[in-house]
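Thanks for making the time this morning. I would like to walk you through a few local features of one model, and I will give the criteria as they come up.

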Amino acid sequence: MAQRPLVLDSDPGLDDAVALHYLLARPEWQLVAYTAVGGNVPVDITFRNARALAAAYGIDRDVPVYRGAGRPISRVAIGSDFHGPTGLGTRILPDSTAPEPGTGAVLELLRLSRVHEGELTVVATGPLTNIAVALILDPGFARRVARLVFMGGAARVPGNVTTVAEFNVWADPDAADIVVASGVPYTMVGLDVTHQAPLTAADVARIEEAGTPHAELSAAFMRGYLDSYLTFTGRDHAFLHDPLAIGVASEDTFATVETGTVVVGTDLGLHRGETVFIPDSAAQSPILPEAVRNRASGKGGVAVGAGTENFTADFVQRLREPLPQTRIRD
Ligand code: BDR
Ligand code: CA
């Protein structure tokens with residue numbers, strides 16, 4: 001199968017960690033860079049975690065890991081206890097010994113968008129800071145990228161940090177607003193659809209019983225993730241937020257997508273991080289503010305509901321399979 005180039009931009013994070021595993025288990029992608037951004041924990045820790053995950057899943061000699069933005073564009077404090085003190089629950093992975101690249105995430109995103117012009121998929125599973133800075137430095141990034149799929153937002157359902165806001169958008173609303181207004185061809189994979197991809201303890205047991213080291217590692221991450229869901233939300237199941245972004249990038253059967261415009265609440269008050277979705281069918285409504293009605297660029301896709309295929313089943317099945325040995329980049 002011909003592989004397509006992909007960059008994973010991530011703030012690991014327990015579900016970010018297993019999103020990497022799921023990505024590596026899909027044959028259609030060639031992971032050309034793994035970029036870290038601050039979010040669930042500060043960027044020093046997400047960068048360390050990303051390097052350690054690359055080592056643990058056997059790719060740190062093949063796929064370079066880059067440090068990204070050290071703070072959000074929005075003047076907001078972020079971070080969360082949800083993913084535990086290390087961002088990977090209570091697990092302390094060995095550090096990667098791979099050499100660190102001499103450049104950062106944003107410059108590498110820009111470089112790869114030129115090397116793979118018109119072909120590069122970017123999947124973002126954390127705050128959109130790195131992507132927004134790339135767009136500020138070089139707006140041409142928007143037309144060189146084939147597709148940006150990001151996990152974030154909540155179009156027609158409540159948020160998970162506040163009544164209206166999902167964590168990744170809430171963590172850097174200005175970055176999200178820059179991205180959705182930029183003209184980059186994006187698909188927003190938010191809580192409307194990730195809350196329809198539950199993961200239970202039985203699912204985790206099925207992954208673990210596969211018995212490979214990678215399946216056991218991912219199962220351990222998911223057990224910690226289930227514990228957090230129970231502690232913080234009282235739920236007996238978790239949601240596959242970040243893996244689903246990879247799923248939607250890979251197949252169009254995992255979500256129902258509508259096109260339209262997203263406007264992000266950047267006021268940092270009650271509407272901080274709100275993602276207001278105006279589908280194309282309502283774009284000319286006279287009750288919309290003029291600036292929104294006439295917004296020329298910034299059309300995107302928004303995953304508004306589950307697709308025809310069960311994502312959780314696919315996730316469990318792929319994590320049970322042994323990973324391919326190597327993934328050599330260009
Ligand atoms: C998002 O927030 C983070 O905690 C998760 O990793 C995911 O990217 C879900 O709202
Ligand atoms: Ca994440």
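Leu268 is partly exposed, because 14 other C-beta atoms lie within 10 Å of its own, where the rule is that a residue is buried with 20 or more other C-beta atoms within 10 Å, exposed with 12 or fewer, and partly exposed in between, with C-beta atoms placed from the backbone. Leu268 sits in the loop between β9 (255–264) and β10 (275–279), and its phi is near 65 degrees, which is a positive value in a residue other than glycine. Helices (H or I, at least four residues) and strands (E, at least two) are DSSP runs here, numbered from the N terminus.

Before I go further, please keep in mind that this is a predicted model, in which local features need pLDDT of at least 70 and side-chain atom pairs count only at pLDDT 80 or more, while totals for chains, interfaces and linings use all residues. Residues are numbered from 1 along each chain as its sequence is written, and chains are lettered from A and ligands numbered from 1 in the order in which they are written.

Gly13 belongs to the loop between β1 (4–10) and α1. As background, most residues other than glycine have a negative phi, and most peptide bonds are trans.

That brings me to helix α1. Is it enclosed or open? In α1, 11 of the 11 residues are buried, so the helix is largely enclosed by the rest of the structure. Its buried residues pack against β1, β2 (29–36), α2 (43–56), α10, α11 and α13, with contact between two residues meaning that their C-beta atoms, placed from the backbone, lie within 7 Å.

Let me take two of those neighbours in turn, starting with α10. Helix α1 (residues 14–24) packs against α10 at an angle of about 155 degrees, with the axes 9 Å apart; the axes are lines fitted to C-alpha atoms, for helices over the stretch in contact, and angles run from 0 to 180 degrees between N-to-C directions. That makes α1 roughly antiparallel to α10, given that angles under 35 degrees count as roughly parallel, over 145 as roughly antiparallel, 65 to 115 as roughly perpendicular and the rest as oblique. The contact is formed by Leu14, Asp15, Ala17, Val18 and His21 on the α1 side, and by His214, Ser218, Phe221, Met222, Gly224 and Tyr225 on the α10 side.

With α11 (residues 241–250), the axis of α1 comes within 7 Å and crosses at roughly 30 degrees, and the two helices are therefore roughly parallel to each other. On the α1 side the residues involved are Asp15, Asp16, Val18, Ala19, Tyr22 and Leu23, which meet His241, Asp242, Pro243, Ala245 and Ile246 of α11.

Helix α10 also has α9 as a partner: their axes come within 8 Å and cross at roughly 165 degrees, so α9 and α10 are roughly antiparallel to each other. In that pairing, Ala201, Val204, Ile207 and Glu208 of α9 meet Ala215, Glu216, Ser218, Ala219, Met222, Arg223 and Leu226 of α10. Within α9 (residues 201–208), Asp203, Val204 and Ile207 are buried. Viewed down the axis of α9, those buried residues fall within an arc of 100 degrees, so they line one face of the helix, the arc being that of the directions from the helix axis to the C-beta atoms. They pack against β7 (198–199), α10 (213–233) and α13 (311–320).

Finally, two individual residues. Met222, in helix α10, counts as buried because it has 27 C-beta neighbours inside 10 Å. Leaving aside residues up to four places away in sequence, Met222 touches Val18, Leu199, Val204 and Ile207.

Leu88 lies in the loop between β3 (65–67) and α3 (105–115) and counts as buried because it has 29 C-beta neighbours inside 10 Å. By contrast, the C-alpha atoms of Leu88 and Ala146, which are 58 residues apart along the chain, are separated by 31 Å.
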